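Subject: Handover of the two-chain model

Hello,

Here is the structure I promised to pass on. Please open it first, then read the notes below it.

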There are 2 protein chains.
Amino acid sequence: MTTHLEVQWITGFVDGEGCFSIEVNKPKNGNPQIQVALTVVQNQTDEQVLYALKDYFGCGSVTDNKKDDYEKRRMWRVKSVQHFIEKIIPFFEKHKLKTKRRIEFQRVRSICLALERGDHKDPIKFEKMQRMAELYRIGGTMTRKLKRMSTEERNKLKDELTVLDKEFNVIIE
Amino acid sequence: MTTHLEVQWITGFVDGEGCFSIEVNKPKNGNPQIQVALTVVQNQTDEQVLYALKDYFGCGSVTDNKKDDYEKRRMWRVKSVQHFIEKIIPFFEKHKLKTKRRIEFQRVRSICLALERGDHKDPIKFEKMQRMAELYRIGGTMTRKLKRMSTEERNKLKDELTVLDKEFNVIIE
C-alpha cells in the first residue's frame, strides 16, 4: 500500500529534507550543461516515503544513494526540466516553503524558466547561468569554502548573486 | 509576524528535521535522571520557524545550538515531561509521523508515560529505563558504534530492545 501524503506534509518534509540543486555538467566530449535537481534522501527503512513522493508528483526516480555495512541510503530525484515546469514548480508556487529552501526553490525555478526559454543557447547568458550555479553551490553545500573567506569576499559574492538574481527574475519574498 | 504553521507541515518537518531523544543525566552529586526531549535545529536565518513551533505548541524554548564564524545554529527544544504529556504526545498521536521518527516518538512517549506513573522510583524499572535510553541512543545517533558491531551483536541488541519495547508498551505499527 502506498503511503498517503498530504500537500502540507510534503512541504514540511521538503523544507526539512529536500535539496534543490543547480549543477554544471562538463562532459569530456561535448558542451557543458546546466542540470537542476530536487533530491530527497532517506535510509532504506523509510524508502516508502520516497516512492510516495514519486507517485504523488508522477515523476523522478528512486535509486541508491550510499551504501555501507548496516544501512543503505536511497534517494528520490527529479532532474527533468520539463517535470520541474509541469509538476514541481506549480506545486511549490502554490504550497510555499517556509525556510531558506524557499529561496533555493526560487533560484532553481528561474534557471528552469531560462532553460525553457533557451537562454543557454546564448553564450553570454549561458556564462551567467554557469556563474549562478557556482554561486548557488558556494552558498549551499560548499560551506567549508565560505568559512575560509573573509567578510569582504563573502559580501562580494553576495552582491554578485544579487545582480544575477535580478538578471534571472528570482522572486525574493 | 509569526509564521503560520499547518499541522501537516509540522508533521512533515518533524519527520525531516526533528529529533526525539532519551538521555540519562548523571549529575556529580545526586541520582541519575531520565531526560526526554524533542529538538529541532535550524540555521539562525530560519529561526522564525522555531519560534512558530514554540508558539504553536506553547512550550519549549529557542536557544543557541552551535556557533561559528559565518553561521549560527538555533534550536527549539521541549524537555518537560508534563509538556510532552499535555502537548507533544497528543499532537503526534493525532497526526502520525510517516518515517522511522514514528517509532522514535512511540519510545519517547512510553518513557514519558512511565515517568508519569512514577516507574523511575522503582530501582528495577529505573534500570530498565536506563537501558532503554542506552539502546535508543545506539540505534539513533551512535551509528559509528553500530558500524563496528558484528551482525550477531546487532541482532542481540535488537532482541533486547524488542523485550524492552514490550515492557514499556511501545506501540509498533
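Helices and strands here are DSSP runs, numbered from the N terminus: helices are H or I with at least four residues, strands are E with at least two. Residues are numbered from 1 along each chain as its sequence is written, with chains lettered from A and ligands numbered from 1 in the order in which they are written. This is a predicted model: local features need pLDDT of at least 70, side-chain atom pairs count only at pLDDT 80 or more, and totals for chains, interfaces and linings use all residues.

Start with A:Asn169. This residue is found in the segment after helix 7 (151-167) of chain A. A:Asn169 is not a glycine, yet its phi is positive, about 55°. Most residues other than glycine have a negative phi. A:Asn169 is exposed, with 11 other C-beta atoms within 10 Å. (Exposed means 12 or fewer such atoms, buried 20 or more, and partly exposed in between; C-beta atoms are placed from the backbone.)

Chain B has a case to set beside it. B:Asn169 lies in the segment after helix 7 (151-167) of chain B. Its phi is positive too, near 55°. B:Asn169 is exposed, with 11 other C-beta atoms within 10 Å.

**Where the chains meet**

(Ala, Val, Leu, Ile, Met, Phe, Trp, Tyr, Cys and Pro count as nonpolar; Asp, Glu, Lys and Arg as charged; the others, Gly among them, as polar.)

How do the two copies of helix 1 cross? The axes of helix 1 (residues 7-17) of chain A and helix 1 of chain B come within 6 Å and cross at roughly 30°. That makes the two helices roughly parallel. (Angles under 35 degrees count as roughly parallel, over 145 as roughly antiparallel, 65 to 115 as roughly perpendicular and the rest as oblique. Axes are lines fitted to C-alpha atoms, for helices over the stretch in contact, and angles run from 0 to 180 degrees between N-to-C directions.) The crossing is right-handed. (Right-handed means the near helix is turned clockwise from the far one by less than a right angle, left-handed anticlockwise.) Residues that meet here include A:Trp9 and A:Phe13 from chain A, and B:Trp9 and B:Phe13 from chain B. This helix contact has six nonpolar, eight polar and four charged residues.

**Inside the chains**

The largest nonpolar core has 20 residues, and B:Ile22, B:Val108 and B:Ile111 touch the most other members. (Such a core is a set of buried Ala, Val, Leu, Ile, Met, Phe, Trp, Tyr and Cys residues joined through C-beta atoms within 7 Å.) Helix 4 of chain B supplies the largest share, six residues. A second, separate core of 19 residues includes A:Val78 and A:Leu115.

In chain A, the axes of helix 3 (residues 81-94) and helix 4 (residues 101-117) come within 10 Å and cross at roughly 140°. These helices are therefore oblique to each other. Their crossing is left-handed.

Notes
Two residues are in contact if their C-beta atoms, placed from the backbone, lie within 7 Å.
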